[in-house]
Amino acid sequence: MYYAPSGGIAPDGVLQAGYITFDNMDAYNQALANVQNTVFYSAEDFITDNQQQAQENMDEAISDFVEATLAIVTVIEVNDQAENAQETGDIADQEALQDFIQNNDVYITEQEVADYNDSITRIEEYGNQYASFTAVLSNDDYMNQFQDTANQYDNSFLDALVAFDASVGVMTVAWDSVSIAVDMSQYYKSAEEYYQAGQQNEFYTTSPIVCGYDFSKCYE
């Protein structure tokens, strides 16, 4: 473009240094294939991220439960004093109950009840999500099904949604074009197993319920 209009002739073959060789072609095409075949965000990454989020949600719900419980602890004290006054029939006990009610904010509000019940609901919901993601990560067959489905339909887990339905024991991973569901019923524990395990957990053994909500005795 510079020399040709003024008659400047290039040495023979000067531009051949810019040829694309077959080695260049093979290296480039192989690099493309490597990128195309690489899984940058796998099924394991996807489920692990959801597992961590579910754990965070469960921990937050537990904190809300503790806060909501503290707001209604006086209900336990009122109940204990009422039972004691009824059993003894002692006027002094009955008047002590009257004084306690008069001198303390013992009435609970609809909002406090709603917060308490909501925290329990969320603990079960997020706890089951956390458990289901942990369980499915240990199941190579299920994880391979998730990954194979994504590969087959050329889908990314960045576009996937996952849901666990505790009422039927099914986890579903879905994209716009396809979904896959796996049976999680084999991982269920009975209510008795859950309660027994919970009663052995430090969260329970160091909680106010163990000492009858008498905080003066909780750490004796």
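Modeller: What follows is a set of questions and answers on a predicted model.

Colleague: How does the reach of helix H5 compare with the 40 Å expected at 1.5 Å a residue?

Modeller: Helix H5 covers residues 110-137, which is 28 residues. From the first C-alpha to the last, H5 is close to the expected span, with a reach of 40 Å.

Colleague: What span should H2 have at 1.5 Å a residue?

Modeller: H2 has 29 residues.

Colleague: Are H2 and H5 roughly parallel or roughly antiparallel?

Modeller: The axes of H2 and H5 come within 7 Å of each other and cross at roughly 155°. Angles over 145 degrees count as roughly antiparallel. H2 is therefore, relative to H5, roughly antiparallel.

Colleague: Is the crossing of H2 and H5 left-handed or right-handed, and how do the residues of the contact divide by class?

Modeller: The crossing of H2 and H5 is left-handed. The residues in the contact of H2 with H5 divide into 16 nonpolar, 10 polar and 5 charged.

Colleague: Which elements do the buried residues of H5 pack against?

Modeller: The buried residues of H5 include Arg122, Tyr126, Phe133 and Val136. The buried residues of H5 pack against both helices and strands, namely H2, H6, S1, S2 and S3.

Colleague: And which elements do the buried residues of H2 pack against?

Modeller: Among the buried residues of H2 are Phe46, Ile47, Gln51 and Met58. The buried residues of H2 pack against H3, H5, H6, S1 and S2.

Colleague: Gln51 has a polar side chain; is Gln51 buried or exposed, and which residues does Gln51 touch?

Modeller: Gln51 lies in helix H2. Its relative accessibility is 15%, so Gln51 counts as buried. Leaving out residues up to four places away in sequence, Gln51 touches Tyr130, Phe133, Thr134 and Leu137.

Colleague: What does Leu137 touch, not counting residues up to four places away in sequence?

Modeller: Leu137 lies in helix H5. Leu137 and Asp45 are 92 residues apart in sequence, yet 9.9 Å apart in space, C-alpha to C-alpha. The residues that Leu137 touches are Glu44, Ile47, Thr48, Gln51 and Met143.

Colleague: How are H3 and H4 oriented to each other?

Modeller: The axes of H3 and H4 come within 8 Å and cross at roughly 160°. Angles over 145 degrees count as roughly antiparallel. H3 and H4 are therefore, to each other, roughly antiparallel.

Colleague: Which residues of H4 make the contact with H3?

Modeller: H3 passes H4 in a left-handed crossing. H3 contributes Thr74, Glu77, Val78, Gln81, Ala82, Asn84, Ala85 and Thr88. By class, the contact of H3 with H4 has 6 nonpolar, 5 polar and 2 charged residues. On the side of H4, the contact is made by Asp93, Gln94, Ala96, Leu97 and Phe100.

Colleague: Where is Asp154 found, and what is its phi near?

Modeller: Asp154 is found in the loop between H6 and S1. Asp154 counts as exposed because its relative accessibility is 70%. Phi of Asp154 is positive, in a residue other than glycine, with a value near 55°.

Note on methods:
Residues are numbered from 1 along each chain as its sequence is written. This is a predicted model: local features need pLDDT of at least 70, side-chain atom pairs count only at pLDDT 80 or more; totals for chains, interfaces and linings use all residues. Side-chain values use heavy atoms; hydrogens and water are left out. Helices (H or I, at least four residues) and strands (E, at least two) are DSSP runs, numbered from the N terminus. The expected span of a helix is 1.5 Å times one less than its number of residues. Buried means under 20% relative accessible area, exposed over 50%, partly exposed in between (1.4 Å probe, protein chains only). Contact means heavy atoms within 4.5 Å. Axes are lines fitted to C-alpha atoms, for helices over the stretch in contact, and angles run from 0 to 180 degrees between N-to-C directions. Angles under 35 degrees count as roughly parallel, over 145 as roughly antiparallel, 65 to 115 as roughly perpendicular and the rest as oblique. A crossing is left-handed if the near helix is turned anticlockwise from the far one by less than a right angle, and right-handed if clockwise. Ala, Val, Leu, Ile, Met, Phe, Trp, Tyr, Cys and Pro count as nonpolar, Asp, Glu, Lys and Arg as charged, and the others, Gly among them, as polar.
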